[in-house]
Amino acid sequence: FTVSREADGATRISSDASFDVRFLGIVAYRYRHQAREQWQGECLADIDASTLDNGRSLRVRGLRREGGFQLQQPTATLLPACLAAYAYWNRDLLLRQRALLNPQTGRLDALRVESMGRETLEIQGQPVAAERYRLHAAQNVIDLWYSLRGDWLRLESTTGSRRLVYRLKSPS
């Protein structure tokens, strides 16, 4: 998951996820996901995402235009002009949302956020005070941790019977 802030004010997000679940040495489940997003301020401007979910291929493409966000795939749909996808990288934006564009399905997922309080995480060998939030969106429960400044530190969620964890790789 990479966040790049451009000189023109745009934010570019690149996310890649890949994992296999094996049972007795045989791949029982395979998941691949790639998404490229461009944001202008707090609005999603462009998305191109593809997912291979255990053999099922999904594609989400859309572009912000005058009058709304035009979703081209999976089905042509006009959505509100300023919408958000799962913007984990921007705590303040994420916590204000009531619905998020799902980059895997192209649907708007209703969102409920719950504050779980403060905790201390170990980040690169150092204790860091963090605020924890729990997102309830679609069938997903996602726990997120942010520094007190709002920097994204960690994500945990359950996918099937497996635990998915994103950890901070390098300092922000």
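1. Strands here are DSSP runs of E at least two residues in length, and they are numbered from the N terminus. In this predicted model, Pro-74 is placed in the loop between β6 and β7 (77-79). The peptide bond that joins Gln-73 to Pro-74 is cis, with omega at about 15°.

2. The largest nonpolar core comprises 30 residues, and those with the most contacts inside it are Trp-39, Phe-69, Tyr-88, Leu-101, Leu-135 and Leu-144. Two or more residues of this core come from each of several elements, among them β3 (26-40), β4 (43-53), β6 (68-73), the helix α1 (91-96), β10 (126-137) and β11 (140-147).

3. Leu-135 deserves a look of its own. Leaving aside residues up to four places away in sequence, Leu-135 touches Tyr-88, Leu-94, Leu-111, Arg-112 and Val-113, and also Asn-140, Val-141, Ile-142 and Leu-144.

4. Leu-24, which lies in the loop between β2 (10-23) and β3, has a positive phi of about 55° although it is not a glycine. Because exposed means over 50% relative accessible area, Leu-24 counts as exposed at 75% relative accessibility.

5. Gln-124 likewise is not a glycine and has a positive phi, here of about 50°, and its place is in the loop between β9 (108-123) and β10. At 47% relative accessibility, Gln-124 counts as partly exposed, because that class covers values between the 20% and 50% cut-offs.

Terms used
Residues are numbered from 1 along each chain as its sequence is written. This is a predicted model: local features need pLDDT of at least 70, side-chain atom pairs count only at pLDDT 80 or more; totals for chains, interfaces and linings use all residues. Side-chain values use heavy atoms; hydrogens and water are left out. A nonpolar core is a set of buried Ala, Val, Leu, Ile, Met, Phe, Trp, Tyr and Cys residues joined through side-chain atoms within 4.5 Å. Buried means under 20% relative accessible area, exposed over 50%, partly exposed in between (1.4 Å probe, protein chains only). Helices (H or I, at least four residues) and strands (E, at least two) are DSSP runs, numbered from the N terminus. Contact means heavy atoms within 4.5 Å.
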